[in-house]
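Welcome! Open the structure in your viewer, and let's walk through it together, one selection at a time.

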Amino acid sequence: MSQSELHGQKLATQALDYVQVISPYVIGKPIDEVAREFGLTDILKLASNENPLGASPSARRALQDLTDLHIYPDGGGFALKGAIARAFDWVPAGIILGNGSNDLLELAARAYLAPGRNAVFSAYAFAVYALATQATGARAKIVPALPATHPTMPYGADLTAMAAAIDAQTSVVFLANPNNPTGTWVDAAQLRAFLNAVPPHVLVVLDEAYSEYVDRCWYADGRFPDGLVLAREFPNVLVTRTFSKIYGLAALRVGFAVGAPEVIAMLDRVRQPFNVNSLALKAAEAALGDHEFIERSRRINAAGLEFMVAAFAKRNLAVIPSLANFVTVAVGFPAGLVFDALLKAGVIIRPLGGRVDTGGLSCHIRITIGTAAQNERVLDALDKALAQLRSEAR
Ligand SMILES: *Cc1c(COP(=O)(O)O)cnc(C)c1O
């Protein structure tokens, strides 16, 4: 080992113990890299729940004016917060913008977690909850999910168990609704009962990254809870939303959180002054008003989700119930093998398993809902991959 490598290793051991033990977020290979490696030209990426329709056309138009690239962004996000306030009937002081909603999850963790405290979340929750928690030195209390054999919501969050897991050291609860990577959800009655059981000093981060994909009638009929309605009633609820999914702006990194102004003020203290860039601010404001695009995205996703669920039923592959823009399916082989086989066909999906909090889903893959043609292609590739694996297994 070289002198500088030795020095580097010494310095690594100087990092905080709880940082050294974090297992890093696994980033998928970039499309260009996959293309080069396998000599492919037409890669289909259905791995990160991006919008297959692209970005909102209004947002794209808003990005064409590049005259002010030398000027710092508006660190207060005045215009975008104003638009969000009007769209959701909320006070601007109760809104904070983030460099993606990941940023907001981090800010909540930084403001409320530390060694000696803990965060409660479900098994099979979004991987960032564990990372954001561990980076503060707080303990992650991961609550077992509903069993795989549950009649309606296999692998879903067990809110009763989560409420019971909250102790005197709990400062934060993370809950995604619908959840990623499972697609599962909690209904309005369950969530309300849970919030009534949570001590009022515990911050409940309700991650609604996929909420725009839920059928509007489910909200109207009270079948699906609207976090913004709950946040009015429960000041300890912090709702996070993102422009990365239905609005199609994942590359720009912008999200927002809505909550009690007093809580938002605490997150604001630990926020970088210019955490959201100017282009993201402009595009997000335009995307928020592009109702036609949002509606079309929702409709195409709903049709695609129905198609994929039916296709898997026909193949006797068990899917986890989903209200989001992806479906997680048991493929009968270790997810990594299926991932590799699909990769060779130029289709990138997300294999689950391999992390502490996804143990038990090691033969599941998550597939983002694409356009009709993309859905056909991934199914075709999966059929071939599974046939190949079955013939090898014999
Ligand atoms: C995709 C996703 C987000 C959004 O992350 P951004 O940082 O806004 O891109 C947040 N929560 C969950 C559960 C997600 O799946």
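Strands here are DSSP runs of E with at least two residues, numbered from the N terminus. Keep in mind along the way that the model is predicted.

**Stop 1: the largest cavity.** Select Ser122, Ala157, Leu175, Ala176 and Asn179, the residues nearest the centre of the largest cavity, which has 15 lining residues. The space inside is about 90 Å³. Now colour residues 170-176: this is strand β5, which gives the most to that lining, with 3 residues. What classes of residue make up the lining of the largest cavity? There are 11 nonpolar and 4 polar residues, and no charged ones.

**Stop 2: the second largest cavity.** In the whole structure, the search finds 3 cavities of 30 Å³ or more. About 60 Å³ of space lies here. This lining holds 4 nonpolar, 4 polar and 3 charged residues.

**Stop 3: an open sheet.** Next, show the strands β9, β12 and β11, which form an open sheet of 3 strands in the order β9-β12-β11 with antiparallel pairing. At the edges are β9 (326-330) and β11 (350-351), each pairing on one side only. Strands of a sheet pair through backbone hydrogen bonds. Zoom in on residues 364-368, strand β12, which pairs with β11 over 2 bridges in the antiparallel sense. Here, proline 351 stands opposite isoleucine 365 of β12.

**Stop 4: the helix across the sheet.** Finally, select residues 291-314 to bring up helix α14, which lies across β9 and β12. Helix α14 runs at about 10° to β9.

Definitions and conventions. Residues are numbered from 1 along each chain as its sequence is written. This is a predicted model: local features need pLDDT of at least 70, side-chain atom pairs count only at pLDDT 80 or more; totals for chains, interfaces and linings use all residues. Side-chain values use heavy atoms; hydrogens and water are left out. On a 1 Å grid over the protein atoms alone, a cavity is a set of points where a 1.4 Å probe fits but cannot get out, and a pocket is an open set with protein on both sides within 12 Å along at least five of seven lines; lining residues have an atom within 4 Å of a point. Grid points are joined across faces, edges and corners, and a volume is the space filled by probe spheres set on the points. Helices (H or I, at least four residues) and strands (E, at least two) are DSSP runs, numbered from the N terminus. Ala, Val, Leu, Ile, Met, Phe, Trp, Tyr, Cys and Pro count as nonpolar, Asp, Glu, Lys and Arg as charged, and the others, Gly among them, as polar. Two strands pair if DSSP finds at least two bridges between them. Contact means heavy atoms within 4.5 Å. Axes are lines fitted to C-alpha atoms, for helices over the stretch in contact, and angles run from 0 to 180 degrees between N-to-C directions.
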